[in-house]
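Subject: Handover of a structure

Dear colleague,

Please find below the structure that I am handing over to you. I would ask you to keep it open while you read the notes.

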Amino acid sequence: MSASPLSERIRAHLDRASSSIGTVTISSTDPKEVKIAYESGLKMMHQKSGAEACTMFNCEPLTGLSTSTAERRCQQYGRNTPSHTENQLYGTEQNALAIFEKHCTVVRDGIVAEVGMELLAVGDLVFVNEGDNIPADIRILDAIGANGDKSVVDNTIPGGFEPSMQSKIDQASNVALRGSKVLSGSLLGIVFGIGSRCIVCSKKISQFQAPSGQRLPRGVDKKKVAKLALKLDMLGASAKYIDRLVPFCGARNITVVLAANDRNLHSINKAIKRLVVQSYRVFVLVRKNVVPTRDIPPLGTKAIGKPINTKVVHDLSSEKGLKNAVQSLETESVVLASGADFVSDDVVRRCLQQYEQPVAFFSDDVQDKMALERATLGFCTYNAFPAALVGAAIICQRDGLERLSLYLKVLQESNEISN
């Protein structure tokens with residue numbers, strides 16, 4: 001039986017890394033660096049060569065750790081669990097734990113296996129494919145067309161894989177830090193930091209949050225707004241800043257901007273219908289691989305709203321096209337448009353200027369960080385790209401997009417927030 005493309009890709013990584021690193025001397029006991037990695041962390045791994053990294057953790061670059069060694073290290077030093085910083089980054093402890101329930105691909109005893117993220121050990125060889133989260137801090141040994149999301153800890157993947165002369169590890173190009181994602185290609189690396197010893201856990205939480213908005217306006221009851229935030233939290237939406245909720249309370253109308261891609265079409269279509277029923281202005285950014293005539297169904301009945309014209313997709317490549325698209329919200333139930341990756345920021349800006357009313361923007365995509373920050377209220381799900389997590393003011397559960405209309409309705413109907 002022939003090997004799968006994924007298996008062949010992993011084997012190619014292993015062969016190249018092993019050939020580059022050469023022979024590694026494996027000792028009978030754990031080197032001192034293993035204990036240091038678990039107890040105080042290693043901040044200079046980017047300045048070590050691949051051979052030095054493997055030697056420090058007793059890892060053979062072709063076969064990885066033995067299963068018994070990995071299990072013993074987990075029992076002796078602890079598991080790869082989320083930190084307090086990550087609980088805040090993902091909105092709640094529950095959201096962070098959901099991320100860590102996922103599995104990752106490791107090489108142990110020369111065998112490719114799937115293990116839970118929390119069972120990763122220092123010294124494990126980890127394979128991370130396109131779209132996957134980086135499960136721990138890893139020193140990259142090999143990469144094929146990989147590029148990373150650098151928004152959370154300014155982490156770049158990859159670059160050169162030789163020792164880096166950068167003084168700060170989060171500026172080096174030969175490491176991949178937990179909290180980022182692989183946007184394209186794949187990589188193989190060796191784990192050097194897990195749990196609270198990951199670099200992301202040493203960052204101040206302010207670095208993960210959008211700039212704070214204004215303080216609560218004079219006359220607004222802070223306790224009532226806090227109670228409203230608690231109500232949203234019970235519905236599955238955690239607010240970073242309660243002051244960002246105030247403009248929606250009692251708002252006459254709301255403009256909602258959604259980013260539609262081939263991963264969220266099912267949820268987008270549910271969200272569109274529910275938002276139109278509530279008479280919100282709905283602007284849908286159509287991303288690559290989405291064909292409106294095929295992927296966006298009609299509203300069902302005229303009672304819901306004016307039929308969506310899926311044959312008209314506004315071109316946002318010019319300021320005139322952007323202006324016309326936003327103005328169309330006055331007459332259409334739903335406006336469809338497409339443009340460059342970062343056009344979402346211009347869309348949100350134009351909607352704020354045109355209607356002078358609150359704008360809600362929902363996206364999990366890496367290119368929408370600025371738009372999420374600019375919107376009156378930016379929403380994303382807890383498993384979004386880290387850049388979106390940074391920009392969003394509200395972190396939602398998995399079905400947050402489908403429940404967006406509920407969140408907005410709760411906010412809009414909460415008009416008794418004055419002292």
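The notes below begin with confidence and then turn to the sheet, the cores and the aromatic rings.

The model is predicted, with local features requiring a pLDDT of at least 70 and side-chain atom pairs a pLDDT of 80 or more, while totals for chains, interfaces and linings use all residues. Numbering starts from 1 along each chain as its sequence is written, and side-chain values rest on heavy atoms, without hydrogens and water.

Confidence

The predictor's confidence in each residue is given as pLDDT, from 0 to 100. The chain has an average pLDDT of 84, and 87% of its residues score at least 70. Among the elements of the chain, the lowest mean pLDDT, 75, belongs to helix α5 (residues 84-89), and the highest, 97, to β12. Helices (H or I, at least four residues) and strands (E, at least two) are DSSP runs, numbered from the N terminus. The pLDDT is below 50 over residues 146-161, a stretch with 69 contacts beyond near neighbours in sequence; a contact means heavy atoms within 4.5 Å. Residues 206-214 also have pLDDT under 50, and the model gives them 24 contacts beyond four places in sequence. Where pLDDT is low, the predicted coordinates should not be read in detail.

The sheet

Eight strands form an open sheet with mixed pairing, in the order β7-β14-β13-β12-β8-β9-β11-β10. Two strands count as paired if DSSP finds at least two bridges between them. β7 (237-239) and β10 (314-315) are the edge strands, each pairing on one side only. β12 and β13 run parallel and are joined by three bridges; F361 has G378 in β13 as its bridge partner.

The cores

A nonpolar core is a set of buried Ala, Val, Leu, Ile, Met, Phe, Trp, Tyr and Cys residues joined through side-chain atoms within 4.5 Å. Buried means under 20% relative accessible area, exposed over 50%, and partly exposed in between, using a 1.4 Å probe and protein chains only. The largest core holds 83 residues, and F57, F283, L316 and F361 have the most contacts inside it. Strand β6 (residues 182-193) supplies the largest share of this core, six residues. Another core, of 41 residues, lies apart from it and includes V284, L299 and A360. Leaving out residues up to four places away in sequence, F283 touches several residues, including L316, A325 and V347.

The aromatic rings

Rings of Phe, Tyr and Trp (its six-membered ring) pair if their centres lie within 6.5 Å; planes under 30 degrees apart count as stacked, over 60 as edge-to-face and the rest as tilted. Three aromatic pairs are found in the whole structure. One of them is the stacked pair of Y38 and Y77, 4.5 Å centre to centre with 10° between the planes. This pair links distant parts of the chain, 39 residues apart: Y38 is in helix α2 (residues 32-39) and Y77 in helix α4 (residues 67-77). Y38 is buried, because its relative accessibility is 9%, whereas Y77, at 24%, is partly exposed.

F362 and F379 are also stacked, at 6.2 Å centre to centre and 5° between the planes. F362 lies in strand β12 (residues 359-362) and F379 in strand β13 (residues 377-381), so the pair ties together parts 17 residues apart in sequence. F362 is buried at 4% relative accessibility, and F379 is buried at 0%. F362, F379 and Y407 form one aromatic cluster.

Yours sincerely
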